[in-house]
Amino acid sequence: MRNKVTICLVLLIIIIVSMGCTFQPGGQQQNNSQINNTTDEGTEDLSDIEGIWMGNLTVPGGLQLRIIFNIFTNPDGSINASMDSPDQGVSGIPVDTVSYKEGNLSLEVKSIEGSFEGVYKESSETIEGEWKQAGSAFPLILNRIEKVPEVQRPQDPVKPYPYTEEEVIYENKEAEIKLAGTLTLPQSEGPFPAVILITGSGQQNRDEEIFGHRPFLVLSDNLTRQGIAVLRVDDRGIGGSTGNFSQATTEDFAGDVLAGVEFLKNRTEINPDQIGLIGHSEGGLIAPIVAVKSPDIAFIVLMAAPGLTGEEILYMQSDLIARAEGVSNETIAQNRALMNRMFSVVKEEENNTIAEEKLREILRAELANLSEEEKANLGYSEAAIDSQVKELSSPWMRFFLIYDPRPTLMRVKCPVLAISGEKDLQVPPKENLLAIDEALRAGGNKDYSVKELPGLNHLFQTAKTGSPSEYARIEETISPVALETIGNWISEHTQ
């Protein structure tokens, strides 16, 4: 059978581009640590299925996520069941119903619109079935395990910290939203230089949490120990921040950062002449916008920042990730052609209703070329198509595809550090660092440094291939080389 992953590669790209963001198939970020008192729907001999069950869920693009179900009975006969996704740092998602009849197990997880249906195999002590979510289905084989594996994140700082940590809330008055974050202050005498951390794409919390990693927590801890105050903030609409994330663009997020600058300027502990920005991925698009708009920005650090239009980056990202996952040249070419057709609609059709219908037609025509088995293997359905169409036609995507960061970079006059990982497959370093370098030089910037860091991926982890499928399995959150490069450069510019 011909290997065809054209459509699912596009879906993967839309979900993970410039990351920050966590891939959670069809669902929303969870932090529920409560184990649910689950409804029993005609469950028979529970001894077969009691315990901890784990399987590897392979989602479009080859990314693997461990899924764990915890199923236990209480003394009164009621059932406790929950779901964990350790590679995403999520545990205790309530399983609402459990049904086990004649070897058939059914689990429903309403909070993320997901369900598992499988058959218990006594000979192998496995449960073989499918995980279904948002109209898509993925094969999943569960194996019984003794205990939930620990996710190792050795760089996470441990309290008590040798600095002050303060929960803060401030307003973006223009957008009429409140932004919540954490301000860390050195214990020495201020006023201190300060940085605002700007997350990548997708709705991120203040730690830019992804696959159990908390890179902004690690980065803020490292910098604050060096005498630099750090403000890290929940994106609008997540955590303690208000606002509608789904209708916001990169320019809107720049407004949120400007509100953070105003907040810091009014803090007596902060030196108002030494406020800088650190933007990761899409955050690296935002930081130059803010630096051009505000004379208060003393410096910016761009981590894996785009130097090209979003459309150019998506084409390169698609090719590189596909090749890393062993996809054929034929399929890569087909995927590129499909993306081109869809992006043309997004760029040229201003009417959202018409654009969405044209996108559906393109995707349905692509699906028509697949067998039913291929469709099932890809996990595609009308619901999945609708989800992808909404992503493609969103205000964020419309802006991202056409926005060219180079004219803005040419207007940045403050000091700039731009770093990328050699193995970054999402924002390829060679092309993007070159574009950033050329734009800063053309604009006459007299103090900038552009560096490609060997062996690091998009998250600045030490990686083998750089593929997103590695992110969750790597214990390192941020390479010490990247932390040292950023810390030393900021220290040199705030002495």
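Ala, Val, Leu, Ile, Met, Phe, Trp, Tyr, Cys and Pro are counted here as nonpolar, Asp, Glu, Lys and Arg as charged, and the others, Gly among them, as polar. On that basis, the lining of the largest cavity in this predicted model divides into 10 nonpolar, 4 polar and 5 charged residues.

The cavity itself has a volume of about 220 Å³, and the model holds 3 cavities of 30 Å³ or more. Of the 19 residues that line the largest cavity, those closest to its centre are T199, D235, F253, D256 and V257. Several elements contribute to this lining, with at least two residues supplied by each of β13, α3 and α4.

Helix α6 packs against helix α10 at an angle of about 105 degrees, with the axes 10 Å apart; because angles of 65 to 115 degrees count as roughly perpendicular, α6 and α10 are roughly perpendicular to each other. On the α6 side the contact is made by F343, V346 and K347, and on the α10 side by R398, L401 and I402. By class, these comprise 4 nonpolar and 2 charged residues, with no polar ones.

The elements named so far span the following residues.

| Element | Residues |
|---|---|
| β13 | 192-198 |
| α3 | 250-265 |
| α4 | 282-293 |
| α6 | 329-348 |
| α10 | 395-402 |

Aromatic pairs number 11 in the model. One of them joins F69 and W131 in a tilted arrangement, 6.3 Å centre to centre and with 45 degrees between the planes. F69 belongs to strand β3 (residues 64-73) and W131 to strand β9 (residues 126-133), so this pair ties together parts that are 62 residues apart in sequence.

Methods
Residues numbered from 1 in each chain as written. Predicted model: local features only at pLDDT ≥ 70, side-chain atom pairs only at ≥ 80, totals over all residues. Heavy atoms only, no water. Axes fitted to C-alpha atoms, helices over the stretch in contact; angles between N-to-C directions. Helix = DSSP H or I, 4+ residues; strand = E, 2+ residues; numbered from the N terminus. Parallel < 35°, antiparallel > 145°, perpendicular 65-115°, else oblique. Contact = heavy atoms within 4.5 Å. 1 Å grid on protein atoms, 1.4 Å probe; cavity = no way out; pocket = protein on both sides within 12 Å on 5 of 7 lines; lining within 4 Å. Points joined across faces, edges and corners; volume = space filled by probe spheres on them. Phe/Tyr/Trp six-rings, centres within 6.5 Å; stacked < 30°, edge-to-face > 60°.
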